[in-house]
Amino acid sequence: MSPVILIVIQLSILAYALVAGVFLAFSDFIMRSLALTGGGGGVEAMQVINREVFRWVFMALFLGMAAA
């Protein structure tokens, strides 16, 4: 196997791990915390989270994994 393919595989594994960590944190910590807030506070917090998560770093990892 060529060294370039090995590097791409290693970077893909790292990207998958990072995105999986984000999804784990979201589903475990954030959703549990939002459930404990009041209705209005939870909606506002979720809107802020949605605006922040669509930054270029997360989206590049998330969409770049499909190509790898």
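This is a predicted model: local features need pLDDT of at least 70, side-chain atom pairs count only at pLDDT 80 or more; totals for chains, interfaces and linings use all residues.
Q: Which pattern does the protein follow, read along the sequence?
A: Helices (H or I, at least four residues) and strands (E, at least two) are DSSP runs that are numbered from the N terminus. The protein has three helices and zero strands. Reading along the sequence therefore gives the pattern α-α-α.

Q: What radius of gyration does the protein have?
A: The radius of gyration is taken over C-alpha atoms, and the globule rule is 2.2 Å times the number of residues to the power 0.38. The C-alpha trace spans about 55 × 20 × 15 Å along the principal axes of the protein. Where a compact globule of 68 residues would have a radius of gyration near 11 Å, the protein has 16 Å.

Q: What percentage of the 68 residues in the protein do buried residues make up?
A: A residue counts as buried under 20% relative accessible area, as exposed over 50%, and as partly exposed in between, with a 1.4 Å probe and protein chains only. Serine 12, at 13% relative accessibility, is one that counts as buried, and it has its place in helix α1. Of the 68 residues in the protein, the buried residues make up 12%.

Q: How much accessible area do Met1, Ile5, Leu6, Ile9 and Ile13 have together?
A: Methionine 1 has its place in the segment before α1 (3-36) and counts as exposed because its relative accessibility is 76%. Patches are made of residues with over 30% relative accessible area and no salt bridge, like charges being joined within 9 Å and nonpolar side chains (Val, Leu, Ile, Met, Phe, Trp, Tyr) within 5 Å. Met1, Ile5, Leu6, Ile9 and Ile13 form such a nonpolar patch on the surface, and their accessible area together is about 520 Å².

Q: Which residue forms a salt bridge with arginine 32?
A: Side chains of opposite charge can pair when their charged atoms come close. A salt bridge is a side-chain nitrogen of Lys or Arg within 4 Å of a carboxyl oxygen of Asp or Glu, and the structure holds one. The two partners both lie in helix α1, four residues apart, about one turn of the helix. With the closest N and O atoms 2.8 Å apart, the partner of arginine 32 is aspartate 28.

Q: Which residues is isoleucine 49 in contact with, leaving aside its neighbours within four places in sequence?
A: Isoleucine 49 has its place in helix α2 (residues 39-53), and because its relative accessible area is 25% it is partly exposed. Its C-alpha atom is separated by 9.7 Å from that of phenylalanine 26, 23 residues apart along the chain. Contact means heavy atoms within 4.5 Å, and beyond those sequence neighbours isoleucine 49 is in contact with Phe26 and Ile30.

Q: Is methionine 65 buried or exposed?
A: Methionine 65 lies in helix α3 (residues 56-67) and touches Ala15, Tyr16 and Val19, not counting residues up to four places away in sequence. From C-alpha to C-alpha, methionine 65 and valine 19 are 9.6 Å apart in space, although 46 residues apart in sequence. Because its relative accessible area is 11%, methionine 65 is buried.

Key
Residues are numbered from 1 along each chain as its sequence is written. Side-chain values use heavy atoms; hydrogens and water are left out. Accessible areas come from the Shrake-Rupley method with a 1.4 Å probe; for residues, only the protein chains shown count as cover.
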